[in-house]
Amino acid sequence: MKNFLILTKEDTDRMHGFLEEILHFLVEHGAEGQYGVLKKENASKPIDVPDWCDCILTVGGDGTMIRAAVRTINSGLPLIGINKGHLGYLCDLDENSYQDALKRIINGDYELEERMLLEGRVVSADGTPVSDDIVALNDIVISSHNGLQVVHLSVDVNGEELTSFNGDGIIFATPTGSTAYNLSCSGPIVDPQTSLILMTPLNAHVVGMRSIVLDDTAQVQAHVNRRNQEELNAVVAFDGTVAISLHDGDSLEVQKSDKTVKFVRLSQINFLDRIRSKLQAD
């Protein structure tokens with residue numbers, strides 16, 4: 001791969017300088033590239049990736065890579081990230097290692113790793129779609145509109161009621177997203193190359209309620225119901241960016257997406273080594 005689209009969320013002089021450094025390095029090694037900024041106001045808008053592009057290179061943190069992955073999903077191109085953020089599980093490179101890594105990619109010395117996505121849409125009480133199908137690499141999360149009130153949820157799987165509870169909300173996570181919000185809410189960590197759906201309640205007012213691991217063929221519906229008119233509506237967020245209000249009687253439909261994301265992998269470090277390193281475990 002020798003043709004790169006470089007994406008970042010920062011529009012600063014410091015970032016522009018680093019991006020120009022990357023472009024200069026690519027040209028020196030017989031490759032080409034151009035860069036763009038992921039604008040917040042266009043969070044749900046797909047990016048038109050040039051036909052000549054072979055690879056998406058993100059500069060930032062895991063959040064930047066997630067946004068880039070979802071917005072370039074129609075291109076089918078693999079991604080790799082240079083980490084300039086904080087703790088990250090997706091970005092393999094940093095400012096000290098990216099040059100050697102790009103040399104390897106240009107020379108074809110890499111592997112591709114495929115990850116599943118979730119797909120969700122909001123449906124009104126009468127069954128009318130409120131939103132289009134929206135994909136998420138990490139998670140789809142229902143919570144209160146202001147984060148202070150209880151959300152009342154019932155969850156059906158494949159047409160049968162699984163559970164109902166009051167709480168702060170619920171997370172539907174991919175294996176990739178198992179180390180994101182799901183992890184901070186005591187959800188299970190799973191190998192990101194597996195294919196399944198994680199369901200983790202947020203502070204459920206039910207003794208002993210825990211995360212549930214669902215088969216990747218599961219068709220999930222989460223129904224939102226308010227007990228009185230004084231309660232605020234809920235909101236559903238896709239990868240923490242695109243947010244849609246959920247009104248009384250609305251439901252969220254979640255399933256595995258037909259689309260996938262490919263990541264470029266250079267390191268021979270396996271999943272357990274990566275987790276041990278990131279969590280600083282012994």
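Strand β16 (residues 251–265) gives the most to the lining of the second largest cavity, three residues. Strands here are DSSP runs of E, at least two residues, and helices runs of H or I, at least four, numbered from the N terminus. The model is predicted: local features need pLDDT of at least 70, side-chain atom pairs pLDDT 80 or more, while totals for chains, interfaces and linings use all residues. Numbering starts from 1 along each chain as its sequence is written, and side-chain values use heavy atoms, without hydrogens or water.

The structure holds two cavities of 30 Å³ or more. A cavity is a set of points on a 1 Å grid over the protein atoms alone where a 1.4 Å probe fits but cannot get out; lining residues have an atom within 4 Å of a point. By class, the lining has five nonpolar, three polar and one charged.

Now the helices. Helix α1 (residues 13–28) packs on helix α3 (residues 98–106) at about 40 degrees, with axes 11 Å apart. Phe18, Glu21, Ile22, Phe25 and Leu26 of α1 meet Tyr98, Gln99, Leu102, Lys103 and Ile106 of α3, with contact meaning heavy atoms within 4.5 Å.

Key:
Axes fitted to C-alpha atoms, helices over the stretch in contact; angles between N-to-C directions. 1 Å grid on protein atoms, 1.4 Å probe; cavity = no way out; pocket = protein on both sides within 12 Å on 5 of 7 lines; lining within 4 Å. Points joined across faces, edges and corners; volume = space filled by probe spheres on them. Nonpolar A, V, L, I, M, F, W, Y, C, P; charged D, E, K, R; others polar.
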